[in-house]
Amino acid sequence: HPPPVATDKEEQRRLLENRPDQPRQPKVLRVAIIGAPNAGKSTLSNQLLGRKVFPVSKKVHTTRCKAWGVITHEDTQLIILDTPGLTNPLKAKRHNLDEAMLTDPWDSMKHADLVLVLVDVSDHWTRNSLSKEVLKCLSQFPHIPSVLVLNKVDILKKKFLLLEIATDLTEGIVNGKKLEVKSALKQDSSSSAKSPLHITQASPPESKVPGSPFGQEKNQAQEGSGLDKSNDVEGAGTGEAQGPKHHGPKDLKDMKGWPHFQEIFMLAALHGEEVDTLKRYLLMQAKPGPWEFHSDVLTNQSPQEICDNIIREKVLEYLPLEVPYGVAQVTDIWEEGECGELLIVQSLLVPRESHKRMLIGRGGKVISRIAREAGQDLMNVFLCDVRLKLKVEVK
């Protein structure tokens with residue numbers, strides 16, 4: 001089971017500063033998860049960690065800053081870099097986002113050994129091409145191995161569309177090999193494809209990696225949610241010698257996908273489907289190197305940051321449109337109660353009286369729902385009883 005986060009700021013700081021309890025032959029992998037806003041990056045990070053430490057909401061820009069999650073498994077440490085969605089200055093201005101939201105994803109890329117590009121296949125407006133921001137990011141760091149993760153496949157009724165999406169997003173090339181699409185199902189638009197999909201590579205790769213996600217694990221794959229390749233696939237980083245060429249702005253203008261992905265994964269992060277397959281793959285890609293954190297560390301965030309983020313997640317969830325982006329938070333009380341429970345009192349400051357009424361809701365329904373759900377999430381993070389009280393004020 002993943003460790004809980006310390007409720008005390010000083011204790012969490014000590015944990016982070018603690019020298020890592022290095023195993024004999026430590027391995028490490030830093031994984032940056034990038035994608036358009038709302039692709040499900042934080043949901044996937046939480047599923048990989050096994051505990052919810054990153055805020056999740058249907059609204060864009062729930063993740064406001066880069067935060068790290070730490071997975072320690074036997075002799076291997078995965079550091080998950082959860083980043084804000086890649087956005088542009090115009091959209092950042094509209095959502096009143098600070099400068100860091102534009103620079104943080106790029107910053108995370110600089111530290112990454114592997115990058116996961118997450119695409120929401122349930123969004124039919126965006127699923128057939130990578131956003132310009134994502135392509136730009138990949139082209140700036142062509143030496144970092146990248147993996148394509150198609151998320152929310154459970155929502156897609158017509159599973160055969162996954163073949164088309166995968167081909168578009170990879171420009172028909174994965175791991176340096178041309179994809180040959182062989183579908184086990186009839187290409188008939190009404191079929192909701194129950195049988196798995198097959199993508200084979202035109203020529204078999206030189207080296208085979210045992211336990212590759214499309215090798216031994218394909219029997220366990222959820223029907224229709226795994227992309228099978230007829231051959232085992234090379235592990236990330238094996239084709240680095242020749243490396244993808246640098247793409248200039250001109251090339252990017254005509255590109256819909258990225259032809260240098262090493263793997264494709266299909267999953268439903270919300271339900272955890274196939275997340276274990278991805279996690280095993282990431283553990284296999286780790287390289288020898290010292291751990292950065294003690295094995296008791298789950299995240300580099302302070303307990304207060306986690307609390308703020310989770311409360312803001314609920315505010316985003318239950319308030320309409322742009323209203324929640326103007327809510328400021330102030331923690332008034334953070335202390336241990338008489339029975340060992342954590343007592344948190346927080347004030348939510350809003351710019352207008354009308355926003356205050358919306359946030360409180362009729363008969364206090366909205367604010368009490370936010371407090372109840374956020375309190376429950378915080379109990380799961382800290383593994384202790386939490387009493388959360390929220391006050392709303394016009395600032």
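1. In this predicted model, helix α2 (residues 41-49) packs against helix α8 (residues 275-285) at an angle of about 75 degrees, and their axes lie 10 Å apart. Because angles of 65 to 115 degrees count as roughly perpendicular, α2 is described as roughly perpendicular to α8.

2. The residues that form this contact can be listed for each helix. From α2 come L44, Q47 and L48, which meet V275, L278, K279 and L282 of α8. Sorted by class, the residues in the contact of α2 with α8 are five nonpolar, one polar and one charged.

3. Helix α10 (residues 353-360) and helix α11 (residues 365-382) pack at an angle of about 60 degrees, with 4 Å between their axes. That angle makes α10 oblique to α11.

4. On the α10 side, the contact is made by M358, L359 and I360, while α11 contributes K365, V366, I367 and I370. The classes here are six nonpolar residues, one charged residue and no polar residues.

5. The length of α11 may be checked against expectation. The helix has 18 residues, so at 1.5 Å a residue it should span 26 Å, and this agrees with the 26 Å between its end C-alpha atoms.

6. The burial of α11 can be given residue by residue. The buried positions are I367, I370, A371, A374, G375, D377, L378, V381 and F382. Of these, I367 and I370 also take part in the contact with α10.

7. Several elements cover the buried residues of α11. The cover includes the helices α9 (303-318) and α10, together with the strands β12 (328-336), β13 (342-350) and β14 (386-394). After α11 comes L383, which has a positive phi, near 50 degrees.

8. For the chain as a whole, the secondary structure amounts to 11 helices and 14 strands. The chain has 395 residues, and 52% of them are buried.

9. Two further totals complete the description. When contacts between residues at least 6 apart in sequence are considered, 74% join residues at least 24 apart. The chain exposes about 18500 Å², of which carbon and sulfur atoms supply 51%.

Definitions and conventions: Residues numbered from 1 in each chain as written. Predicted model: local features only at pLDDT ≥ 70, side-chain atom pairs only at ≥ 80, totals over all residues. Heavy atoms only, no water. Axes fitted to C-alpha atoms, helices over the stretch in contact; angles between N-to-C directions. Helix = DSSP H or I, 4+ residues; strand = E, 2+ residues; numbered from the N terminus. Parallel < 35°, antiparallel > 145°, perpendicular 65-115°, else oblique. Contact = heavy atoms within 4.5 Å. Nonpolar A, V, L, I, M, F, W, Y, C, P; charged D, E, K, R; others polar. Buried < 20%, exposed > 50% of the residue type's maximum accessible area, 1.4 Å probe, protein only. Areas by Shrake-Rupley, 256 points an atom, 1.4 Å probe, with all protein chains shown as cover. Expected span 1.5 Å × (residues − 1).
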